[in-house]
Amino acid sequence: MADIKVTDVREKAGDAAFLIDNGTTSIMYDSGFAFTGYKVADRIKSILGKRQLDYIFLTHSHYDHALGSVYAKRYYPDTKVVAGEYAAKIFAKPSAKALMRELDKKFAKKCGVYEYEDLIDELSVDIPVCDGDIIKAGELEFKVISLPGHTKCSVGFYESGLKLLLGCETLGVFNGKDDIVPSYLVGYKTTMNSIERVLGLDIESIVVPHYGLITGDTAKLYLKKSYETTKKTTEDFVALMKEGKSNADILQVFKDRFYHGEIINAYPIDAMTLNVGIMTDLIRREFDIQ
């Protein structure tokens with residue numbers, strides 16, 4: 001990874017925004033919230049100086065990953081936003097933008113931010129991509145990998161020459177040490193298929209949403225734990241459901257198991273509670289548990 005630098009440009013815990021730069025081509029990997037958008041863009045500008053931001057790669061359509069792209073485009077109007085075709089369709093819906101606006105404002109207030117410029121209606125994608133598409137970014141060449149699980153629109157970007165994966169939350173939320181928090185909102189089998197697909201790639205480095213760059217043995221551990229923890233957590237939840245445990249019981253088990261350390265900073269409690277509720281309902285349907 002001597003050829004490329006990954007810089008954390010996040011402003012708040014829970015943000016998702018990193019700058020990937022090889023000295024000639026720069027890529028913003030996810031873009032954070034709307035209310036932090038200008039500050040994240042300021043950080044990028046302080047790093048790039050007079051150079052341009054060439055691309056913004058979005059892993060999926062959630063507000064904490066996508067909304068900051070609009071603010072970055074105010075600084076860099078020629079930058080190209082790259083996201084999955086499904087995400088592009090979501091961004092085109094006024095109802096989706098209204099929900100993102102509501103969630104962003106709610107979290108902004110928790111962070112003590114009550115007023116900021118609202119550019120959310122400008123959210124859009126310049127280059128919609130599908131599985132297998134190639135994005136040539138200067139000397140870098142990223143293959144788009146469809147990885148549904150966290151959302152239907154989740155994608156990763158794989159640079160085979162560097163053996164680098166720009167991951168997505170389908171692989172789980174990393175606690176920075178030795179554990180992964182499962183976060184799938186589409187389906188268990190869909191998620192496992194996506195994780196297995198990633199395991200089949202030749203990967204030495206991964207940029208992980210809400211965390212940053214991991215390499216070598218840590219990257220291998222992350223992928224191994226992603227598979228094992230998603231599988232075990234789901235099997236444990238199925239067992240609890242068959243014992244008659246409620247969704248509230250399962251939420252408490254999830255919190256006891258995962259909600260500590262760095263995860264508290266990376267995963268706002270409201271989002272975690274909502275996501276676990278969705279996961280629990282998905283598991284009940286997928287495994288036909290009443």
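I looked up the sheet that holds E7 and found six strands in an open sheet, ordered E7-E8-E9-E10-E13-E14 with mixed pairing; strands here are DSSP runs of E with at least two residues, helices are runs of H or I with at least four, and both are numbered from the N terminus, while two strands pair if DSSP finds at least two bridges between them. Strand E7 (134–137) and strand E14 (212–215) stand at the edges with a single partner strand each, so one side of each has no neighbour in the sheet. From one strand to the next I noted an average twist of 25°, where axes are lines fitted to C-alpha atoms (for helices over the stretch in contact) and angles between N-to-C directions run from 0 to 180 degrees.

I note that the model is predicted, with pLDDT of at least 70 required for local features and 80 or more for side-chain atom pairs, whereas totals for chains, interfaces and linings use all residues. Residues are numbered from 1 along each chain as its sequence is written, and side-chain values use heavy atoms, without hydrogens and water.

I then followed strand E8 (residues 140–146), which pairs with strand E9 (residues 155–159) in the antiparallel sense over four bridges; Ile-145 has Gly-156 in E9 as its bridge partner. Helix H7 (residues 216–242) packs on this sheet and touches strand E13 (205–208) and E14, its direction making about 100° with that of E14; contact means heavy atoms within 4.5 Å.

In it, strand E5 (residues 80–84) runs parallel to E6, joined by three bridges, and Ala-83 stands opposite Pro-128 in E6.
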